[in-house]
Amino acid sequence: MEPLLRVENLTVFFGKECNHCLKTTGPKMETNRCRACGTIVACQDVSFDLFEGESLGIVGESGSGKSTLINVLHFKTPAKGSMFIRSEFLPSSLKAFLSNHRDGYWSKNLLSISPYHKKRLREAIMGIVYQQPSLGLRMEVSAGGNIIERLLDAGWRHVGLMRTKASELLNKTEVPPERMDEPPRVFSGGMQQRVQIAKALVHTPLLLLLDEVTTGLDLSVQARVLDLIRNLKNEFGFSMLVVSHDLNVVKILCERTIVMRYGRIVEAGLTDQVFADPIHPYTQLLVASRL
Amino acid sequence: MKRLDHIEMFYNFAFINDEVKREVRRAIFKAIAIPGYQVPFGSREMPFARGWGTGGIQITLSIITPTDVLKVIDQGSDESVNAENIKRFVARVSPGIGITTDTTQATIIQTRHRIPEEPMRSDQILVLQVPYPEALREVEPSEVETRRMHAEGDYGRMWLYLYEDIVRFGEVRISYRYPVRVNEHYIMDPSPIPRWDVPKLNMAESLFLFGAGREKRIYAVPPFTRVEPLTFEDHPFRIENFNGAKCKLCGSFDTYLNEIIMTEAGERIFLCSDTSYCKKRRKQLGV
Amino acid sequence: MGYVAVSGGLEAIEQSNILFNIERYKGKSRPLEVSQVKEQLYLLVDRVMGEGGLYSPELASIAIIQSGGDTFEASLLLRAHRVTLSRLTTSLPITTERMRVIRRISSAFQEIPGGQILGPTTDYTIRLLQMELLISPEEEWTKYRALLEDANIRLKNIPRSFPKIVKILKEEGLIEEPENQASGEPPFDITKHSLTFPAPRSAILQSLARGETGGLLLLAYSSMRGYGNIHPTLGELRVGYVPLIIAHPHNGNPYTVGEIKVTEAEVISRYETAEGLPRFSMGYGACFGQNEIKAISMAILERCVRTKNPKAPAEDQEFVLSHIDGIESMGFCNHWKLPHYVDFQSDLDRLRKAQNKWRASKKPYEEA
């Protein structure tokens, strides 16, 4: 297997940032807030590779930087460091702009490309599902419209064809297609998540980002949504980045896991290994406290 | 208002001073260079209320020369109060210019909400008054956000708005001010012209200048530019349908008509909205 | 059925102008003199000068008379006139410490250095209608005027300058120093450039200073009531005359060419969770003439629109600055009186089509 995405030394500050920020924060200092200037160091030197078709879990408590990480990957939060995609995966319309001409293997650093290209790339290769459906869906627009918006972005202009495509996806994500003209606002929480997933899959993305997708759902609903994601992954073959504070979710979905604390990676490895034989004391604590 | 007679003594030719004219012209040039892009400009107060065509007036006053022939229409009519008011003002402050109601005679036509029925030529300029320069305002109230959307070509939400209308009502509800895509790039508000007039913008011989005084924007459609209404392949753009009605005065059925309610019982007749065209036709037909 | 198209717009306009003037002058009273408006309705004049963006009590009085007392219309007349004037120079910055104060109060302290000067105001009057205005003959008025002149002697002992309360607090480090224009840098001019957001502070101040008093009050009031409350305290309100100083075009020396009346308000707002030392923040308002409601509202809004994470309408800079201009809002409101029949015809066409579809009771999206 070859890597799809390479992330190197990702660092994110929220605040004005001073010389003491890195020294006074991190797992050893047990804080992510700089003692001198109050800046939050949300991520520091986070590096990893994501392989084709792989599912990578990121666990940690709130404030560990895992959600910031997913927002950086989705180009919503600016960061220092670099992020590359393998050139052959660049959509053909963007190849000329985003290929790295010296190194044919990797693209340019995606963190420093123009907002326009970020948007285009995001639409072409990524899908995201949020914990709160209201972040990923327009609650007043019909469920079908939510999915179709992404087809419209890509230049589709035939209402009939778009509706066919949307109802196929809703079918796949177990939302009754006859409800496609109702707004998600009237749906149950589990169904809203399924509409989000359908929306994320419109372009058969290379990379699906899942941000605490089952948090807040009933246990039985959680199980069905996780099942659905696993089946869809088998069918579509995308890579996934799964952020969760719930170790069970990661255990079900992911082959590899990264454990984060106060903005730093404290442990990484195969999921089974991390959970069966944790090395870092924090991971040990996490595993031990698991229900 | 007799006092207006002395206005020439106090003001520059075409009222606004040369410094401001240069500024407006620069904005016009930029607008022509980037078809459909809204160029911000330092819109000045005119002796009219904001919203009464101050954007169009500033364009007209900035481009008019003593050899120009001006026509002003409002809702298609040369004689409506607003058109008369603007015409009177421009004529007073621009000695030497000609005034006409005939579309073919004019070099500059300032208009509100209509494009004349007779096709315009390459030596003519149509100046449109614009209340809402931002076509995306319907889906996004913030100017910061709409500017970003234009810059990134992020038009999915606008299309979604049209799609939702089709789902709910069977067709797009936008009647006038129908959004168009200019030169396959910017989405533009064509000003509140009826859908009837939208096809006239496409690959036209004449230059179209759009002025929004209150919102401080100028934009343009240069000659021979593609202007396409936003529409779906299986839901084509449709202009207004008068179900075979004819103008009561000139008998035409291929012009934009106004419906007039004549009696309390709801009896109605139809009349051409373009009054000077209607007059011309009647003359030709001898009615 | 015969039909005659309506025409003769020009004639109708002229007739309506005449009718407006007949309406104004049909009573028996003598026509208002410019000086009467300037002297006796001075608060109205001040308001119109501020909203019209031109300091000229004389021209403002003409505008008020000409518009029949409509402040929107009068301000529009002033603004339209202003456009035809050349800009000769930009005056030099001044400090209001040198203001020739006629009124000055602080609600932050009981006593302030220099003292509270109530000055001319209706704030402390009992609001009973002066019915004697209906009957008062000329001689009564002459007597009253003599009385007023006697009383005025005591007012002449006001010092030439007063220390500024906010400045004292700033020196003690209790109040933040808001971001200011670097000295020498020309301020943004909204009359020449179209605003973009986020706007520089000078553009915010200029927009607010030209804003419509009622509009400013409405938005500031929404903040005071709780939609994004900044918990203001009126640090100081002062009304008076400030010198107008310009640089000589040849030798650059400063020359005082006159003075203008202004109202200035500084509100102190609570401190935010800060990185570093907590300090009060402040809002600044200043406008032409005596218009205290406007100056205070402006100060509150100036602080509101600098809120870091805006939530309430009054905190949203684009929202506030795009909607407070009286000339723009009145014009747009008035324009709905213009004919829109072409557009409405188009509306009718859409509605009828939709009704037909509904009657045919098809699934809406299945296009025929």
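This is a predicted model: local features need pLDDT of at least 70, side-chain atom pairs count only at pLDDT 80 or more; totals for chains, interfaces and linings use all residues.
View 1. Residues are numbered from 1 along each chain as its sequence is written, and chains are lettered from A in the order in which they are written.

**View 2. Helices and strands of chain A.** Chain A has eleven helices and nine strands, taken as DSSP runs (helices H or I, at least four residues; strands E, at least two) numbered from the N terminus. Its C-alpha trace spans about 60 × 50 × 40 Å along the principal axes.

**View 3. The side of chain A that touches chain B.** Here 15 residues of chain A are in contact with 13 residues of chain B. Two or more residues each come from α3 (115-125), α5 (143-153) and α6 (159-172) of chain A. The largest share, five residues, is from α5(A).

**View 4. Helix α4 (residues 81-93) of chain B against helix α1 (residues 9-25) of chain C.** The two axes, lines fitted to C-alpha atoms over the stretch in contact, come within 8 Å and cross at roughly 85 degrees. α4(B) is therefore roughly perpendicular to α1(C), the class for angles of 65 to 115 degrees. From α4(B), the contact includes Val81(B) and Arg88(B); from α1(C), Leu10(C) and Ile13(C) are among the residues involved.

Technical notes:
Axes are lines fitted to C-alpha atoms, for helices over the stretch in contact, and angles run from 0 to 180 degrees between N-to-C directions. Angles under 35 degrees count as roughly parallel, over 145 as roughly antiparallel, 65 to 115 as roughly perpendicular and the rest as oblique. Two residues are in contact if their C-beta atoms, placed from the backbone, lie within 7 Å.
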